[in-house]
Structure formats: C-alpha cells, structure tokens
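User: I would like to go through this model with you, one topic at a time. Could you begin once it is on the screen?

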Amino acid sequence: MKDVRPTSSKVLQALFNILGPLHGLTFLDLFAGTGRVGLEAYERGAFAVVEVELLQKRAAAIRKNIRIGMENNNYIVLSMDIRRALQWLEKKNYSFDIIFADPPYEEGWPRKILQLLKERNSIIKNEGDIIIEHSIHEPLDILEGDFVVIDRRTYGDTILTFLKKKEAIS
C-alpha cells in the first residue's frame, strides 16, 4: 500500500478558513486518504459528506473513525476508483456544493480530475466550488471554456487552486 500524504495542518486550516461556514452544504472529498478533510467538513457543519478512497484498507479506517451518529446517509465512504465513484454518484443524482481533491502529486491527476468533472457536469452544483490540492511542480492547466480559476494559494510546495464552472461566473 502506497504511503498516504495527508493534507498538512496548515493547508487544512487555510482551506477551511477560506471556505468559511459549511452549514447545509454538500461536500465531496476525492482521494480521501485518511478521511481527515471530509471529517473536518462534517464537523464544520456540512450537511452531507461523501469520501472516495480507492484502497479498501484506508476506506475501512475512515469508516472506523466516523463517530456514532454520523454513520447515516449524510456521511458516505466509497471504496472505489474516482471514475467509478463519479459515475455512481451521478447515477444516484448526487450534486455537491464543494468538491475537494488531493490526488497523488505529479501523476497528472489535476487535469484528469477536471476532465472527469467536465464529463460528469451535474456532480458539481452550478455555483459550486472545486478545490484541487496539487504540487507547485505540477501546474494546473485549465480546460478551455469549462472552468475558471477564482483563487490560488501557495503553502510551501502545495497549491490550493479554487475553481468554478465558467457559466457560474458569467
């Protein structure tokens, strides 16, 4: 099993300070790893959280860390590839206010994520936010016409790129 690279405390704190209150919002955490980001979103008031983690062992650990009372339809852990997860979520008519992705660094995932979200456009609400955590060594190229960068923050070797659907900005 590959080592997990959890979002640092500094980046996690910055992320949630930027997002502000999450009361009543829906939150999707792709590449959940330890589950820390999704759990933080839930504790900060997100109405519903879905975490996607490919590795069964990690997904089981996330489920184990979910407090009693959170194990309901408002907190779901999916153990599957993100492509399959996005397809499943779309089929079930899920749509999210916030999509966060912290993929493995320097493997081309930031661009792949945007392509997958373009293909599954209904997964992100029209006014929703997409946040991709990525390495400064892996610039995030934006697909022409689909998404707009609304903010970019750098923390050491980590960048948080905030995007919206282009039609939400127009």
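**Helix α1 and its surroundings**

Analyst: The buried residues of α1 pack against β1, α2 (36-43), β4, β5, β6 and β7. Please keep in mind that this is a predicted model.

User: Which residues of α1 are buried?

Analyst: They are V11, L12, A14, L15, F16 and L19. As background, in soluble globular proteins nonpolar side chains tend to be buried together.

User: And which strands does the helix lie across?

Analyst: Helix α1, residues 9-19, lies across β1, β4, β5, β6 and β7 (158-165). Its direction is at about 25° to that of β7.

User: What comes just after α1?

Analyst: G20 comes there, with a positive phi of about 75°.

User: Let us turn to the sheet. In what order do the strands run?

Analyst: The order is β3-β2-β1-β4-β5-β7-β6. This is an open sheet of seven strands with mixed pairing.

User: Which strands are at the edges?

Analyst: The edge strands are β3 and β6 (147-155), and each of them pairs on one side only. From one strand to the next, the twist averages 15°.

User: How do β4 and β5 pair, parallel or antiparallel?

Analyst: Their pairing is parallel and extends over five bridges. I98 stands opposite D129, a residue of β5.

User: D129 is charged. What does its side chain meet?

Analyst: The side chain of D129 meets that of K164 in a salt bridge, at 2.8 Å from N to O. D129 lies in strand β5 and K164 in strand β7, so this pair ties together parts that are 35 residues apart in sequence.

User: Is K164 buried or exposed?

Analyst: K164 is buried, because its relative accessible area is 14% and the cut-off for buried is under 20%.

User: How many salt bridges are there in the structure?

Analyst: There are eight. One of them joins the side chains of D146 and K118, at 3.5 Å from N to O. D146 belongs to the loop between β5 and β6 and K118 to helix α5, so the contact ties together parts 28 residues apart in sequence.

User: How accessible are D146 and K118?

Analyst: D146 is buried, with a relative accessible area of 18%. K118 has 40% relative accessibility and therefore counts as partly exposed.

User: What about R44? Which side chain does it meet in a salt bridge?

Analyst: R44 meets E40, at 2.6 Å from N to O. R44 counts as partly exposed because its relative accessibility is 32%.

User: What does I113 touch, leaving aside residues up to four places away in sequence?

Analyst: I113 touches L30, F31, I82, A101, P103 and I132.

Technical notes: Residues numbered from 1 in each chain as written. Predicted model: local features only at pLDDT ≥ 70, side-chain atom pairs only at ≥ 80, totals over all residues. Heavy atoms only, no water. Contact = heavy atoms within 4.5 Å. Pairing = 2+ DSSP bridges. Helix = DSSP H or I, 4+ residues; strand = E, 2+ residues; numbered from the N terminus. Axes fitted to C-alpha atoms, helices over the stretch in contact; angles between N-to-C directions. Salt bridge = Lys/Arg side-chain N within 4 Å of Asp/Glu carboxyl O. Buried < 20%, exposed > 50% of the residue type's maximum accessible area, 1.4 Å probe, protein only.
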